[in-house]
Amino acid sequence: MSLYETALVIVGVAVLGTVALPRLLDNRPVSFPIVYVAFGIVVFSLPLELPAPDPLVYGTATERLTEIGVIVALMGAGLKIDRPPGIKRWQTTWRLLGITMPLTIAAAAALGWWVVGLSIPTAMLLGAVVAPTDPVLAADVQVDPPQKGESDEVRFALTSEAGLNDGLAFPFTYLAIAMATAGVAPENWFLEWLAVEVGYKIVVGVAVGWLFGYALAKFVFQYPASTRLAKAMGGAEALAATLIAYGLTELVGGYGFIAVFVAAVAIRGFEREHEYHQQLHDFSEVVERLVVAVLLVLFGGAIATGLFALLTWRAALVAVALVLVVRPLAGVLGLVGYPPERNAIAFFGIRGIGSFYYLAYAANNAGFDGLRAVWAIVGVAVLVSIVVHGITAASVMSELRRIATTPEATD
């Protein structure tokens, strides 16, 4: 049996699923990611002689594939948000980024060091990679497409948090890399880390993203498609914006993840009521679904071929706690006193492809001990998140919407 033809069939089934599953799973407690991970487990368990998608063996491929998955999801998330940026309007987001995320990093690192026995650099890496909520797997809890009106606070908070904290996790990933390469002592890395990884790269990411997004939006909306070919390519600017914003920012040493999301928000803010925003969003979502399908099948394949082989009961306990205890508790603490929906926001801290990217990136740029154990912990955390959040998201979000629209809630 030819490996190439087998791969074509698997990819074809995955692509077909992106069309069929939204119809088949509507109003059912089973999510798109659950089906794809299960499909990957089944396919890679069959005697098809497929190579095991080991993230440590194929480190560079893992980094690049997950990188693409994250940036296309970040563009899609930014293009959805109808709420203009602002200190008060995005208050929930700032709390999640400034309080919840650092608390999650600290708690995850402490558990990795104390319970699993990881070294300090590796424990710090665990904290960094599991901290960001994921824009890739969070479709069921994200805001509605453009021009549907401002979504409820839960959907807005989770979408905007996922859009920004994927970039803001990078300084902590670099912190772990610095500890692994220069030693744990802060005097070896602190000033450079603070100036470059925290200061310069964040500022550059925001600046390049906003300037490029605004410039591209001005061109797109001032020169609308008029020819048949131009109309056929409607929305493709979203993919171009994703790749250019990310590439430009990385070339000048900034955080590309931040730039992509900021560029998307800038595009969404230009001629906010223009109907073309829907086409941009739709094109971006199609690309995102296709990339995510492949990544989830490979994740299922990694599970089937030994990703959890070195998993101990302590590591498994930590992984489950990261999703069901650490994030919800950190979320509630970060949102004390505001908003009323804080419990739902805290609970839906979905972990996913972004964690895989950061882990692969760190493994490719520094030497960490215990990486197999960390991959197992992160894999279990993502799997638990996919299952638990995937089963509960539709019903919880539907109930929140029902409550918000009852006469008692709107009086």
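I looked up the crossing of α8 and α11 and found it right-handed (near helix turned clockwise from the far one by less than a right angle). This is a predicted model, where local features need pLDDT of at least 70, side-chain atom pairs count only at pLDDT 80 or more, and totals for chains, interfaces and linings use all residues. Residues are numbered from 1 along each chain as its sequence is written, and side-chain values use heavy atoms, without hydrogens and water.

I noted that the axes of α8 (residues 190-222) and α11 (residues 256-269) come within 7 Å and cross at roughly 35°. Axes are lines fitted to C-alpha atoms over the stretch in contact, with angles from 0 to 180 degrees between N-to-C directions. Helices are DSSP runs (H or I, at least four residues), numbered from the N terminus.

I then listed contacts (heavy atoms within 4.5 Å). Among them, W210 and F221 of α8, and V262 and I267 of α11, take part.

Next I checked salt bridges (Lys or Arg side-chain nitrogen within 4 Å of an Asp or Glu carboxyl oxygen). I found eight. One joins the side chains of D54 and R372 at 2.9 Å, N to O. D54 is in the loop between α2 and α3 and R372 in α16, so the pair ties together parts 318 residues apart in sequence.

I also placed L248 in helix α10.

Note on methods. Helix = DSSP H or I, 4+ residues; strand = E, 2+ residues; numbered from the N terminus.
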